[in-house]
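The points are grouped by topic.

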Amino acid sequence: MMLSAHEFLDASILIVDDQEANVQLLEQLLSEAGYTNISSTVHPHEVCALHRKNRYDLILLDLQMPGMDGFQVMEGLKTNDADSYLPVIVLTAQPGHKLRALKAGAKDFISKPFDLVEVKTRIHNMLEVRLLYRKLEDFNKVLEQTVRERTAELRESEARYRSLTELASDWYWEQDEAGNFTKVSGPVLEMLGVRVPSFTGETGAEEMTGWNEQERAELQAKIAARQPFLDFVFSRANPDGSSQKFQVSGEPMFNQSCRFIGYRGIGVELIARQ
């Protein structure tokens, strides 16, 4: 992600200092550097409300102020749930306050009296990090929304698919990658000649006989090879002399990482018992 010069110069900056002379000096410095979105206040009690309203890209915060010092202001800013990143550069003439300010959440510091080159450099560096952080936040929000929308579309598509397959067939089934049935609609287990007692709730069920073993082996080979099959026909002879013929279609399923996750398919009985 790249930042343009316009994004830098249009960044919103709040100057907080109880000394009007310091405020004017920083405003002049920033204006001469090309920054166009500059605000200021000499009242530290206003900072939290102003930031909640405007979400500044950068706050230049004096530490030594009467009534409410910079450390108290930073504690108040931390309560802003809408912004987990504290975009603060502290202004201080006390060397001992620098480490304390960083531990309190400030991202950088500028020493007093001001060195103009240092001020410009630290502000530029801080804004680069801040603006990239915000871009990443916005990108993640768009990505999350896209994922939610796509997931909803896939669920709707899957629901339509199942509805259509159930209308167009006698049986619908899904199997996991180990061949276990996870979804069944209709007597598909009988159709395939497979018994899954733990799934059907049956115990001691006998395997149904009379299948054309050559056809059945061919179908099972296609499934084992993870191949799709369309309108595959196979038959069964029943003990009472009647016969049945079935037509099945199925396809392997894969996740977004192209990993095989199972099979799904449909089937119909072509010839009723005679």
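Which residue lies over the face of Phe-71, and at what distance from the ring centre? Arg-100 lies there, 3.7 Å from the centre of the ring. The model is predicted, with local features requiring pLDDT of at least 70 and side-chain atom pairs counting only at pLDDT 80 or more, while totals for chains, interfaces and linings use all residues. Residues are numbered from 1 along each chain as its sequence is written, and side-chain values use heavy atoms, with hydrogens and water left out.

**Charges over rings**

- A charge sits over a ring if NZ of Lys or CZ of Arg is within 6 Å of the ring centre and within 35 degrees of the ring normal.
- Besides the contact of Arg-100 with Phe-71, the charged end of Arg-122 sits over the ring of Phe-109, at 5.0 Å from its centre.

**Aromatic pairs**

- The whole structure contains 5 aromatic pairs (ring centres of Phe, Tyr or Trp, the latter by its six-membered ring, within 6.5 Å; planes under 30 degrees apart are stacked, over 60 edge-to-face, the rest tilted).
- Phe-232 and Phe-234 make a tilted pair, with 6.2 Å from centre to centre and 40° between the planes.
- Both Phe-232 and Phe-234 are buried (buried means under 20% relative accessible area, exposed over 50%, partly exposed in between, with a 1.4 Å probe and protein chains only).
- Phe-234 also pairs with Phe-246: the ring centres are 6.0 Å apart and the planes stand at 40°, so this pair is tilted.
- Because Phe-234 belongs to strand S8 (residues 229-237) and Phe-246 to strand S9, the pair ties together parts that are 12 residues apart in sequence. Helices (H or I, at least four residues) and strands (E, at least two) are DSSP runs numbered from the N terminus.
- The relative accessible area of Phe-234 is 1%, and Phe-246 is buried at 2%.
- A cluster of Phe-229, Phe-254, Phe-260 and Tyr-263 is linked by ring pairs.

**Largest pocket**

- The largest pocket has a volume of about 330 Å³. On a 1 Å grid over the protein atoms alone, a pocket is an open set of points with protein on both sides within 12 Å along at least five of seven lines, a cavity is a set where a 1.4 Å probe fits but cannot get out, and lining residues have an atom within 4 Å of a point.
- Grid points are joined across faces, edges and corners, and a volume is the space filled by probe spheres set on the points.
- The pocket is lined by 11 residues, with Leu-154, Glu-158, Phe-254, Asn-255 and Ile-261 nearest its centre.
- Helix H6 (116-167), strand S9 (243-254) and strand S10 (260-271) each contribute at least two lining residues, and H6 has the largest share, 4 residues.
- The pocket lining comprises 6 nonpolar, 3 polar and 2 charged residues (Ala, Val, Leu, Ile, Met, Phe, Trp, Tyr, Cys and Pro are nonpolar, Asp, Glu, Lys and Arg charged, the others, Gly among them, polar).

**Cavity**

- There is 1 cavity of 30 Å³ or more, and the largest cavity has a volume of about 30 Å³.
- Its lining consists of Cys-48, His-51, Arg-52, Gly-76, Leu-77, Thr-79 and Asn-80.
- Helix H3 (47-54) and helix H4 (70-77) each give two or more residues to this lining, with H3 giving the most, 3 residues.
- By class, the cavity lining has 2 nonpolar, 4 polar and 1 charged residues.

**Nonpolar core**

- The largest nonpolar core has 22 residues, of which Leu-58, Leu-60, Ile-110, Ile-123 and Leu-127 touch the most other members (a core is a set of buried Ala, Val, Leu, Ile, Met, Phe, Trp, Tyr and Cys residues joined through side-chain atoms within 4.5 Å).
- H6 gives the most to this core, with 5 residues.

**Backbone features**

- Lys-112 and Pro-113 are joined by a cis peptide bond, with omega about -5°; Pro-113 lies in the loop between strand S5 (108-111) and H6.
- Arg-55, which is not a glycine, has a positive phi near 50°, and Arg-55 is partly exposed at 28% relative accessibility.
- Cys-258 likewise has a positive phi, about 65°; Cys-258 lies in the loop between S9 and S10 and is exposed at 65%.
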